Amino acid sequence: MPPREDSSKVARRSTRFSSSSAAVENPEPNESHPPTIDDLTFGGESFPLDALLSDFPGRRSQILDLIRLMGPLDSPTLPVIVYGDASTGKTSLVLQVLRHLNRPFVYSSCRACYNPRVLFESILNQLLLHSKSSSNGYSSAKRCDKPSDFVNLLRQSLGNVMETLDSRSNGKPVGKMVYLVVDHLDLIKEWDKGAVILQFLFNLYSLLKMPQLGVILISGLPPDVYYSNMGYTDPIPLYFPEYSEDDLRQIFLKNQTNRKLYSAFLDVVLRPFSRVTRRVDELSTTFSSLFRKYCEPLDDLGVSPNEDLKRRLYSHLKPLLAPCLNEIFRVSSRSHDDERRQKKASYSSENREEVGVLDFHMSTSAKFLLIAAFLASRNPATLDASMFDSTGGMDNRKRKRKASEKSMEKKEIAEQEAVMKGPGSFPLERLLAIFQCIASVGDTSFGEEEEEEEGEATGYDREKTNLMSDILLQVSSLCDANLIIKSGSCPLEGTSRYRSMVSEDLALKVGKSLSFPLAKYLYRR
Amino acid sequence: MAPSGTVADPPPSSATDSFNSGATAENDIRPFFVLHKASSGNLQAKSTGTVKSKRRIESPSPSKFAKKSEPESVEEEDNDYFSTLRLKVFDTVWSKIEKTIENVLRDSNSKVFSGIHDWIRESFESIRSSGALSLSEAVRSYPVLTQASSKQLFTALVLTRNLEMVDDLLTFEELHLRLKSQGCHVAKLSSMDFSAKNGVGGCLRGLLRQFVMPTIDVADVTILASWYRENKNHENPVVIIVDDTERCCGSVLSDLILILSEWAIKVPIFIIMGVSTAHDAPRKILSMNALQRLCASKFTLSSPAERMDAVLEAVFLKPCSGFTVSHKVALFMRSYFLCQDGTLTSFVRTLKIACLQHFSLEPLSIMLEHFCQDDSNQLSDEGTGLLTEATMKHAFDLPSVTRNKITRSTYEMLPQFLLDLQRMPNPWSIVVLCIYEAGKFDKLRLLDIFCETLDPEARYLKYFSPSATVNSQSHISGRNSVIRQLLRKLRDLSPSQLSSLLKSWEKLTAEFSEINDKVMELHPFMRSVEAAGQRQGLPSSPKKHASRSHSKLEKELKAMTDKVAAVIEFMLREYMKPVESVPFNEILCFKNVDKLQSALLGDPRGRIQSDLLESHSILHCMCCSQRGTTTLLPSMHDTSILYTLAQEHADVINLHDWYQSFKTILVPRSSKAKPKSKTASKSKKRKDRCEEPPEPPAEALVQARFCRAVMELQIAGLIRMPSKRRPDFVQRVAFGS
């Protein structure tokens, strides 16, 4: 529980807005196995408004708005749609407000409920106080597939809930309303027939004609994207903007033991990182690992830092910041726990080290295939003939010489276009043709450059006659490993086309391991 | 390792080898088996492994013996007896090899596995220590309202370091069993569960099926939560193994991760992802939201090359079965591994094929049984007692015997030779292992060393043998020799490396006193080098002094490496006798590279094509042999007729024309159609009845047969069915043969 501070202003407001906030007493939550009606509310101790407000720095207006929209006990509520970017506190704020008001509610996330049936049944299960267990074969209380069935069943079960709520005499008043919270509404758009379900949910309030149900929808997308002119009343929008830097600072300072030290840490990291992202979840994972680093030189974590110490700690942390800025996925290697290896290519010094070693095994023919695919994706098909004729791709030097202003401009445009387009696609035949060319070249002319490769090259030569027998197998295993992807079929020929997904780095690595001069074959615009 | 069912699948080419030899057993029509009785054939092949391999062994052996010895009935019986015996010996030998390989692989993984288990335990404790949830909290649908970091899922990336997944299926299966035996709840999902078609529901269902119960109406993550709270399930962590992450549908996997991460506090889940390419592969397939929920650690399995070395060492260099391969076969296997397949599975399969062929081709291979057994002295009497006159003759006709001028007169010496043979690999393999030990500092692969040391005509042998002329040659010849390279790199070793090398040599040569003595002689030198090193390491010594002692150290070191090199040369000179240079090595050593190659790289489609075009040479039916081979006869098989006709077309075939020409062959223009007796013409192969002119079949029947033949060609992968755009044409897929 956050510390309760008495703020007279807050208390005054709360009494004005909701009659239920201050005076409620809470019974202990019922721990018996079959769920009771108490499970629809949060239970636990009462949760005063000031604690709520201090829990969500920068969300004061949203909290007060939401409380106002939900109104006093037993007042019918129009549907509310809460929207805003990811990780801006929508879900937890709504839940905490319900906790504060001590209203019964039903929560379903469209993330976990991935189709209408699961969504409907999960709502009904909660209303009917049904819990899945081995004794009932983990089945739902009611089978419900269609929206129309759902409306009927919902009406029935709401009636039941109302009766039990009515008959409840003891404990604090919870009112005669149940709130339905549907989270991650935007995911419904991806479902098949999602539009129908969305409309149904928006329309649920008027379809049901029961003022006892309050609907709160939580969405990552603004409400405009859902509306179609279907004649239902628009839900009341409540926008959650991104946190400001000050809000973030307060959020992160909230649960710290040594606030002074952490605030010194935030002074360093918050500004650069909040330019990149303001998502609390992203920042908090990054910060927690960075803070551990930050504290490393310290013996006593309770120390309150002075300027000198801050500077020292900063210089310690500084080299780690830049790679972290671009990084959301960190892999720590288990064997040496302390040393975390950052895996971003932007960190150039490390990057250079990594070039040259291919850290997984591929057979030689798979390597050649990979290079062939890379070339086929990168180079225009018209160039193949000149690249792979007897001169072996030497003539692209000539092309570079005549570069006037105009052509430079054109080149730039083409380059941008190529970036937008990504790797090109190619038919299988072209891949095999290039493969044949480079595999034979790789054997004849590059063997003598390096001593070590010679043994391999000769062995390879020996096998070359049989090489084609399982080359298609290799193609498919490259596809499996996502190094080549099968893109859509060509509209004219009806055959499938391929696309290489490897980065230039990886291709160069592979080329180096074969001592194949890949750069010579790349067409640079 | 692959299950034996796939390993011993008879490659088509090996079956067809005996076609020309005149044997017409019923299994020689195997290409047609593919077309006709595929289901029953498969059934048979699956049901009993031994039946199938017996067939393979027996089919070549009669033809070979027909050539080699006079056809006597007694010998025929002997052959039968011996071939079953050989099969039995093969079984014991191979099972021994297989078991060795299994053990090696298990050992190679065990360290990583225990690392993973420790990681799970530690993380699970840390989750549990952060506070337990009450029952109602743990099963309700809304998230626990705590810090955002609680949504993190602990994830292990297991790097398999091989593009191909085959080797690691077994690894993950073992990991599954191991974790399960240690109390975790484990479910194993493969990329099949993560298909875009079934969506996240499909993989949730797969999870629940393995955790909760097989029949789940609607897969819902709340079921997992309620299950986890029952029956003390919550005392153990939940582990999900995804063995081929790259092949999964990224969006579905991301969805699953997001769902699970929302429930991460209620159900502590550990995900183990097998990653076959680089460790940042998840970055490529997962969405950003999902990536951010992963708290990843990295575990690295040993690379295929390392495992290969371990397997080689255990199978060929440590006493295992006695079976070994020749230089050429080893080279072939090596290049197959490096260039073509690169999986241990295929290497083991190659080895198995080699072993099987060795037993099917070499009559004397029965004697391997005795090599396989641990006590060595049994060999002499029993082993030779098994030999008949014919095999004896064969034994003395072996090239290695004639080359060494051993004749029948030395018959009594045979047991002695065999004993030598049995003892033979020892010094050789010790030397190879010593070289490998030295090569480890230079990251030399045992595979390379092994291949080179097997070479009976290796250049270094000539070079080291006393008769050869000195160094001038070696610069030209030994350029890419691994051993040359090793001797060169020996100079760069540090004192500590040298001393560890000496220690490992000492251990390796413990049983072989001749080499061991030489190694022991090195120790005093080593001690002096170490002493010099210590003197130099003294921190207080002034600079001048240090440089002097440094030079002394270098001198000592140089002397030491020279000594070590001398020992290596001594070992090579005295004991490096590759198995192929020993008399009677044919008993142990498989040499036939071509057979192995054709068995391994069988060309099934080409084989089908050529067999379809020349079916008469296989069937040996009366009709075709009488009237020559070029004309098409109605008695031929329909598919064969159609395919021969298809040769006249370009890459597309007009169906109508094709049908017409097919009909003209079945219904000769001259004879009038007699549309009766459908039943009689129903039998497809009418080779027995081809003497009397068959009555031409009815139009409907011709069409039906045409359709069926086209279908068979399609199934065989020779044509592609008409597309929507050109409904009248089929496309030829295969050209040439």
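A:E405 sits in helix α16 of chain A, which spans residues 405-421. The model is predicted. A:E405 is exposed because its relative accessibility is 70%, and the cut-off for exposed is over 50%.

A:E405 also belongs to a negative surface patch.

## A buried strand in chain B

Strand β2 of chain B covers residues 185-189. This strand is mostly covered, with five of its five residues buried. In a regular strand, side chains alternate between the two faces of the sheet. In β2(B), B:H185, B:A187 and B:L189 point one way. B:V186 and B:K188 point the other way. All of these residues are buried.

β2(B) runs parallel to strand β3 of chain B, residues 238-242. Five bridges join the two. One of the contacts pairs B:V186 with B:V239 of β3(B) as bridge partners.

## An open antiparallel sheet

Chain B also holds an open sheet of three strands. Their order is β8-β10-β9, and the pairing is antiparallel. Which strands lie at the edges? They are β8 (652-654) and β9 (719-720) of chain B, and each pairs on one side only.

Strand β10 of chain B takes in residues 729-732. β9(B) and β10(B) pair over two bridges in the antiparallel sense. Across this pairing, B:I719 stands opposite B:R732 of β10(B). Strands of a sheet pair through backbone hydrogen bonds, whether parallel or antiparallel.

Technical notes. Residues are numbered from 1 along each chain as its sequence is written. Chains are lettered from A and ligands numbered from 1 in the order in which they are written. This is a predicted model: local features need pLDDT of at least 70, side-chain atom pairs count only at pLDDT 80 or more; totals for chains, interfaces and linings use all residues. Side-chain values use heavy atoms; hydrogens and water are left out. Patches are made of residues with over 30% relative accessible area and no salt bridge: like charges are joined within 9 Å, nonpolar side chains (Val, Leu, Ile, Met, Phe, Trp, Tyr) within 5 Å. Accessible areas come from the Shrake-Rupley method with a 1.4 Å probe; for residues, only the protein chains shown count as cover. A salt bridge is a side-chain nitrogen of Lys or Arg within 4 Å of a carboxyl oxygen of Asp or Glu. Lys and Arg count as positive and Asp and Glu as negative; His and the chain ends are not counted. The place of a charge is taken as NZ of Lys, CZ of Arg, CG of Asp or CD of Glu. Helices (H or I, at least four residues) and strands (E, at least two) are DSSP runs, numbered from the N terminus. Buried means under 20% relative accessible area, exposed over 50%, partly exposed in between (1.4 Å probe, protein chains only). Two strands pair if DSSP finds at least two bridges between them.
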